[in-house]
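Please look at the sequence and the model together before reading on. The report below goes through pockets, cavities, a sheet and a pair of helices.

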Amino acid sequence: MDKKCFSGRWICAREFSDKRPLNLLHPEREAASGGEHDESLKNFHMIVRKYLFIEEIEKYDQIKIKLTADDYYKLYINGNFVGQGPAPGYYFAYYFNEFDIKPFLSSGQNEISLNVYYQGLVNRVWNSGDLRQGMVADVIADGELICATDSNWEYAVDHSYTGKRTIGYLTQYLEDIDSRIKPLVWQNAYEKETDHIFSEVPAKPVSVYEVFPMFKKKIINGGWFYDFGTEITAGLCINAIGKSGETLRILCGEECDAEGRVRYKMRCNCDCEEFWTLDDGNNHLDQYDYKAFRYAEIIPQDGDDIVITSVSAMVRHYPFDQKACTLISSDKVLESVFTICKNAVRYGSQEVFVDCPSREKGQYAGDMTITGASHLLLTGDASLLRKAIDNQVQSLQIAGGMLAVTPGSFMQEIADYSLQFPLHVWRYYLYTGDKSFLKEMVAPCDELLSHFGQFRRSDGLLEKVDDKWNLVDWPGNLRDGYDFPLTKPIGEGCHNVINAFYVGCVKLVEQIKREVGLPVHNEADQLIKAFNKAFFRADLGLYVDSDVSSHSSLHANCIPAFFELMPFGSEKGIADFLTQKGMCCGVYMSYFLLKGLAKLGRHDIVYNLITSTGKNSWYNMVHEGGTTCFEAWGKEQKPNTSLCHPWASAPIPVIIEDLVGLTVLSGTGTYQVEPKLPENLEQLELFIPLPQKRLHFTYSSGDYSIREL
């Protein structure tokens, strides 16, 4: 990390120039020590401009801008959109971006302008609400600094964002916009010392591009209905002609109601109703924040003389080549399941892996186990997974044992999620071969295990891990009757799932140490014996939910199967049990179930579960109209279900790694394929991007081929 990353000065608005940062970072069970936040400083848009004279643009090979802002910026050169950012980050590990801006510049006078946004809410999205507002930038031409932020840059406050209503879990402000209000009062920016410490390399910015509705129709009251054809993550871009004071009502939703109108009161606790007040003549609206939606309605509120001249959506997500990973199959259920999972990962990968791009927009470590695996296999790009791992490591400075959602200013801790950290580290290493990174991660792994060590009893197992939520699965009604009271904080006793994750964590950390040549004490072997003694019932041939329980849940058996903790000879009984149980779990736990069944050799069952058309199935999401996979198996299974939730994308890594049978050999850059697909599957064609190469796999009735492209 680097404090001297920029030559420019940190600049901010006068309203923040004398504000000291609030300390919002703390373990979940402790209170924040920060002070009060002025409500008038929330939802604050600062327009920044600087005129840059370049005598001869042709003499430069490259002109780039390096910049960041707190919370966020959108950058324009001579009125043309260039890019946006930064990726969310803690102030002590803050991200920045770099853009080549020469294509946007010309000889003579140029205008650099930004819309710098400070939200002020404490949530899972940004590290906001701490009064750190402003930006910094350097403009560099062929290695020479030609412009940098200082008090000569001008700013004006944009008061046209009049919205006070929020949606989700204080996730964002609705954008009620009054186009009659112009940012007319320009003044010099204020220089301020900042405590930001910047990352050493720029973060990759999101891709931003325009899409148009696939269908539109006239509705009552002079309004229009728009269907973009699929769930997207975007803000609307609207051009309209009207008179001063006339208003448009803008509705967005993931689905339609029984009358075919947009269900803007979305299931996921987001009421996406916004109002745009027009000025005289031509008006342009480019929404700043993004929402998850498919449908939109735009309805004049003052008669029908408003003319809507164009409507589009500015889609945003992490760079994602749609053609990099494609699956075509004679099994159209398999194909449709793959497609909705792929779409959810695409739109759920922003500058972080969001749990959903609507209600929370936060990067949860448990969701990341699945989404990170899916994204890597769909794109061959490991950079977002690497950033997500870095975010988890950074959270060790805030809470022992890591936070569950990182970065973000909302403090939440989930024990099950923290213990999955080595899974992310190992996957990154497996596909990149970066052994120096793997070695760097040993210390965070040891720190993680040291934290959980305080809850060990005499046999080494954990009991009463009460500083974090013990989740098991979500929603709670899909825990298959798990026989342990999952109170917050957790009560007395020793239960299975948290210990299965703990033993698996120890086992994998030892594997990491062996891989980098460090000594290992073989503690995992003893913990596996203790785990089996506490939870495995020989008379049942199954695991039970706690050391005093006689109930065997799916969860108590699929996690030991996933980490291969089972006593020798018990595999068939556990496999039969999991087969009989089927999908009586949440979509999050389905990843561990499917992977566990594959390790038990039940690939036929894995295929059948992925292609099931039952109530608890991915195809049920397709049947219910989903274009991205849901938070739960169906819209009605959870009272606040998000219809774009990439934690349900388990079929992606399972199809590729377990059914197609792709195994990447650690640290070698080589791979092998051993398909476990049904022999009666007529046809499957799959393109698989890896960080170093792209593979083409074909399969037909038991015969297969694979080649490098």
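Strand E21 is the element that gives the most to the lining of the second largest pocket, with five residues. The model is a predicted one, in which local features need a pLDDT of at least 70 and side-chain atom pairs count only at pLDDT 80 or more, while totals for chains, interfaces and linings use all residues. Residues are numbered from 1 along each chain as its sequence is written, and side-chain values use heavy atoms, with hydrogens and water left out.

**Pockets**

On a 1 Å grid over the protein atoms alone, a pocket is an open set of points with protein on both sides within 12 Å along at least five of seven lines, a cavity is a set where a 1.4 Å probe fits but cannot get out, and lining residues have an atom within 4 Å of a point. Grid points are joined across faces, edges and corners, and a volume is the space filled by probe spheres set on the points. Helices (H or I, at least four residues) and strands (E, at least two) are DSSP runs, numbered from the N terminus.

The second largest pocket has a volume of about 740 Å³. Of its 27 lining residues, Ile47, Asn115, Asp158, Tyr161 and His284 are the closest to its centre. Two or more lining residues come from each of strand E2 (44-54), strand E4 (72-77), strand E7 (108-118) and strand E21 (281-286).

The largest pocket, with a volume of about 900 Å³, is lined by 35 residues, and those nearest its centre are Trp426, Leu430, Lys595, Lys599 and Glu657. Among the elements that each supply at least two residues of this lining are helix H5 (421-432), helix H12 (587-599) and strand E27 (662-665), and H5 gives the most, with seven residues.

**Cavities and the classes of lining residues**

By the rule above, there are six cavities of 30 Å³ or more. The largest cavity holds about 100 Å³ of space, and its lining includes Tyr72, Trp126, Asp289 and Arg316. The second largest cavity, of about 70 Å³, has among its lining residues His45, Tyr161, Glu175 and Asp289.

In the table, Ala, Val, Leu, Ile, Met, Phe, Trp, Tyr, Cys and Pro count as nonpolar, Asp, Glu, Lys and Arg as charged, and the others, Gly among them, as polar.

| Lining | Residues by class |
|---|---|
| Largest pocket | 16 nonpolar residues, 10 polar residues, nine charged residues |
| Second largest pocket | 11 nonpolar residues, eight polar residues, eight charged residues |
| Largest cavity | seven nonpolar residues, one polar residue, four charged residues |
| Second largest cavity | five nonpolar residues, four polar residues, three charged residues |

**A sheet and a helix pair**

Four strands form an open sheet in the order E24-E29-E30-E31, with antiparallel pairing, where two strands pair if DSSP finds at least two bridges between them. Strand E24 (327-329) and strand E31 (703-708) are the edge strands, each pairing on one side only. Strand E30 (residues 694-700) is joined to E31 by six bridges, and phenylalanine 697 has isoleucine 706 in E31 as its bridge partner.

Helix H7 (residues 442-453) and H8 pack with their axes 11 Å apart, at an angle of about 150 degrees. Axes are lines fitted to C-alpha atoms, for helices over the stretch in contact, and angles run from 0 to 180 degrees between N-to-C directions. H7 and H8 are therefore roughly antiparallel to each other, a term for angles over 145 degrees.

Note on methods
Angles under 35 degrees count as roughly parallel, over 145 as roughly antiparallel, 65 to 115 as roughly perpendicular and the rest as oblique.
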